[in-house]
Amino acid sequence: MSERLRIVVVGNGNAGAALVDSLLAKDAEGVHITLYGGEEVGTYDRVRLSEYMAGTVDLENLGMRSDDWYEEQNVDFRRGVLVERIDIKGQKVRGADGEWVNYDRLILATGSSSSVPPIEGRDKRGVFVFRTVRDVEEMLEAAPEKAVVIGGGLLGLEAAYGLLTHDAEVTVLHRSGHLMNQQLDPPAGRMLKNEIEKLGVGVRVEANTEEILGNGNVQGVRLKTGEFLPTDMVILCTGIVPNTRPAGPSGIRVNNGILVDEHMRTSAENVFAVGECTEFNGQLIGLVAPALEQVRVVVDTILGGGETKYKGSGAATKLKVAGLDLTSAGDAYGRDEGCEAIVSSNPLTGVYRKAVIKDGRITGVVLLGDVSVGPQLTDAVKRGAAAEEVADWIVGTSGDVAPLSLPDDAQVCDCNGISKGQIVATIQDLGLKKVSEVVAETKAGTSCGSCKPLVGQILQEAAEDVEEDKSYLCKCLELTHDDLKGIVSERGLRSVSEVGEACGAGKVCSDCKVGVTYIVSEVNANRHHEERHGRHINDRVHANIQNDGTFSIVPRSYGGVTSPEQLRKVADVAEKYNARMIKITGSQRLDILGVKKEDLPKAWEDLDMPSGFAYTKAFRQVKSCVGTDFCRYGVGDSTKLAIDMEKEFENLYTPAKVKMGSSGCPRNCAESSVKDIGAIAIEGGWQIYVGGAAGMEVRKGDVLATVETKEEAKDVMMAFMQFYRENGHYKERTYDFVPRIGLDNIRAVVLDESSGEPERLRERLREAKAATSDPWLERREPATKNQFVGAIGRK
């Protein structure tokens, strides 16, 4: 067997991760990859960072790859290690860990950093940039009441929207006359401003910030007009700067970015660069699509025939801004002499379409709101199509536009750089029949998801027989959640390993074993054989990993009630183990942030408080108000109900995290109507809500029942909880579960006491609860403690 080509990839962002995937897909047996990532959290999809900020996805669902994945792919991943030096003559790199690593090919994907404008006061506490997971977590830890975002481009609007979901009062300051002026013309920018303001974000255009004010901490900003805006946080979103280190100091030619040719070669032999760190023909890039195009070029240069060339990124952008879709291609303004425009604008629906025409040919388009014809119009700009060809698409409806009228090189998925031709070829080569298969094989639609409808249309016309999509938990064997549940139940399987053997796979792969672990535990009422490899890292160490590799500890405070003794313990533990912060969470819990992994068992022992399960897909907590104990408006003892329910549900795993609320009156101070399960006291009883949400999407829960007594309220909530535990799909929140099953169908099961089923549900819940234990207490036992130390020592 010939020796593998040693490839070192520096950078683990979107470009670096795509590069690793492409190299492995091209020749997994012929390459040995060493991957350096400067962030402790590893690979994640930056396109979806605003979703993480809004709380709609966690790190695991942000595209985070487990250590198991890198091991399975034989990738030497150096998490949190920056490359400090490149020896271009000796062909080796040195990381911050001090180790030199030799390479045959070196690919720099070092990305970019936030551009910080020279505004006086930018170094004050409370000034942030929006670029990484660490940035997001520090902003959320600060928990501002008022925030000012400087910059009304994509990142600025995403940051504003993310903070808005955390109840901050947010104002965006943009120095140009309209938002996203690099991509949109003035009318579209004004319409976008209206849509953003409808969400609750304040927007100021033609607003120039002169100074950030405050005595150490941010207290406000002063505009050049002299106006003062009070705020306790400022987020700078004013562009990016390519990261040219360590290339420049190592002798590789740089200008504004690392200089590359059409094959992505740098000035140094066997050294290449891709992504936002590069500069090609004086052009920088700031979007994912051109970076992925560069990835395809460099992989072909290194492992292929070297025929693919990079020609620069076209002026086409497809984005999702605060949930709003937009597409811009070519000349969005049409300022040249002789330019005309076809425009369709409906401010009531927030839909804007414009095509710029010159000499009878289309030279630019702008779409906002409805971008369903975006790929066709972008291709028309690229071809310089005749105006008559696009007129109906601008002023009419797009339902009759055939996806295969697109040429093969038309880009369907901008986030991942996937063309229509690639999708069609993959469908035909592999005989794909489902949208989920196409998405999995091509990655089209895996980021923002806006192109999935077009992917489905392409499948309809390119495949002979299209099959309805099923949500497979195990994609390898095409087994749904219900399939696996049936196998586990019918065959009496009690561990993840037994499931792998029973299904014929020999083992359960890393993509689905966490979900299988939940099914095994639920079917066996927690009387299963626990295998730690079947759990996510957070579950294996019973704490929540943070962006710097440390962990947070959230002890349980029943119903949000604590005591002086518990507060002293929390303070002592935080000081003893050098925690970076103690945070009062939005769920009325105390969060000790910044504890080292090796200190966790000792910290739990010193705390002597139960685990709050804030690190996993499980029942979390019941947020409560003071109810009749103190509030003069209270009509129900919400605190006592919250404590009772928390004790009924603690330590129970669920398909997805479950948050509850208990409010003592219809004023609903505990926000119970937007929780997974909520109870609100009313005159003469309680209303029980299910399926609420308050993240990026807000959904008021459905009223499952109105009952007279607290005991009846507890019975209804227990029956619903067990029904969800048994029938919810893994990762399915209650706000998706309730509409899928149907409120009437749920009521028929959990409310009909005459059938006996509600009591049977409660009995099965009690049985499962009886088999649980506090993981922090377990980990303090000597035998298990040794296992813990061994587990955290493995890479």
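Helices (H or I, at least four residues) and strands (E, at least two) are DSSP runs, numbered from the N terminus. The structure is a predicted model, in which local features need pLDDT of at least 70 and side-chain atom pairs count only at pLDDT 80 or more, while totals for chains, interfaces and linings use all residues. Residues are numbered from 1 along each chain as its sequence is written, and side-chain values use heavy atoms, with hydrogens and water left out.

The average pLDDT (the predictor's confidence in each residue, from 0 to 100) is 86 for the protein, and 91% of the residues score at least 70. The pLDDT is below 50 over residues 397-404, a stretch that has 21 contacts in the model beyond near neighbours in sequence; contact means heavy atoms within 4.5 Å. Residues 781-795 also have a pLDDT below 50, with 20 contacts in the model beyond near neighbours in sequence.

The protein contains 26 helices and 40 strands. Its radius of gyration, taken over C-alpha atoms, is 28 Å, which agrees with the value near 28 Å of a compact globule with 795 residues; the globule rule is 2.2 Å times the number of residues to the power 0.38. The C-alpha trace spans about 75 × 65 × 65 Å along its principal axes. Of the 795 residues, 52% are buried; buried means under 20% relative accessible area, exposed over 50%, and partly exposed in between (1.4 Å probe, protein chains only). Of the contacts between residues at least 6 apart in sequence, 63% join residues at least 24 apart.

An open sheet is formed by five strands in the order E3-E2-E1-E7-E19, with parallel pairing; two strands pair if DSSP finds at least two bridges between them. Strand E3 (76-79) and strand E19 (271-273) are the edge strands, and each pairs on one side only. From one strand to the next, the twist averages 15 degrees. Strand E2 (residues 31-37) runs parallel to E3 and is joined to E3 by four bridges, and Leu35 stands opposite Phe77 in E3. Helix H1 (residues 14-27) lies across strand E1 (5-10), E2 and strand E7 (105-108), and runs at about 170 degrees to E2. Axes are lines fitted to C-alpha atoms, for helices over the stretch in contact, and angles run from 0 to 180 degrees between N-to-C directions.

Another open sheet has three strands in the order E13-E14-E15, paired antiparallel. Strand E13 (209-213) and strand E15 (228-230) are at the edges with a single partner strand each, so one side of each has no neighbour in the sheet. Direction ignored, neighbouring strands of this sheet are turned by 20 degrees against each other on average. Strand E14 (residues 220-223) pairs with E15 over three bridges in the antiparallel sense, and Arg222 stands opposite Phe228 in E15.

Helix H15 (residues 513-523) is mostly covered, with 10 of its 11 residues buried. The buried residues include Val514, Val516, Tyr518, Ile519 and Val520, and also Lys513 and Glu522. Among the elements that cover them are helix H3 (67-72), strand E28 (472-474), helix H13 (481-491), helix H14 (496-502) and helix H21 (710-727). Ala525, which follows H15, has a positive phi near 50 degrees.

In helix H18 (residues 600-607), the buried residues are Leu600, Pro601, Ala603, Trp604 and Leu607. Viewed down the axis of H18, they fall within an arc of 160 degrees, so they line one face of the helix; the arc is that of the directions from the helix axis to the C-beta atoms. Phe613 lies in the loop between H18 and strand E34 (619-624) and has a positive phi near 50 degrees. Phe613 is buried, at a relative accessible area of 2%.

Lys731, in the loop between H21 and helix H22 (734-741), has a positive phi near 75 degrees and is partly exposed, with a relative accessible area of 42%. Most residues other than glycine have a negative phi, and most peptide bonds are trans. A cis peptide bond, with omega about 5 degrees, joins Arg245 and Pro246; Pro246 is in the loop between strand E17 (240-242) and strand E18 (258-259).
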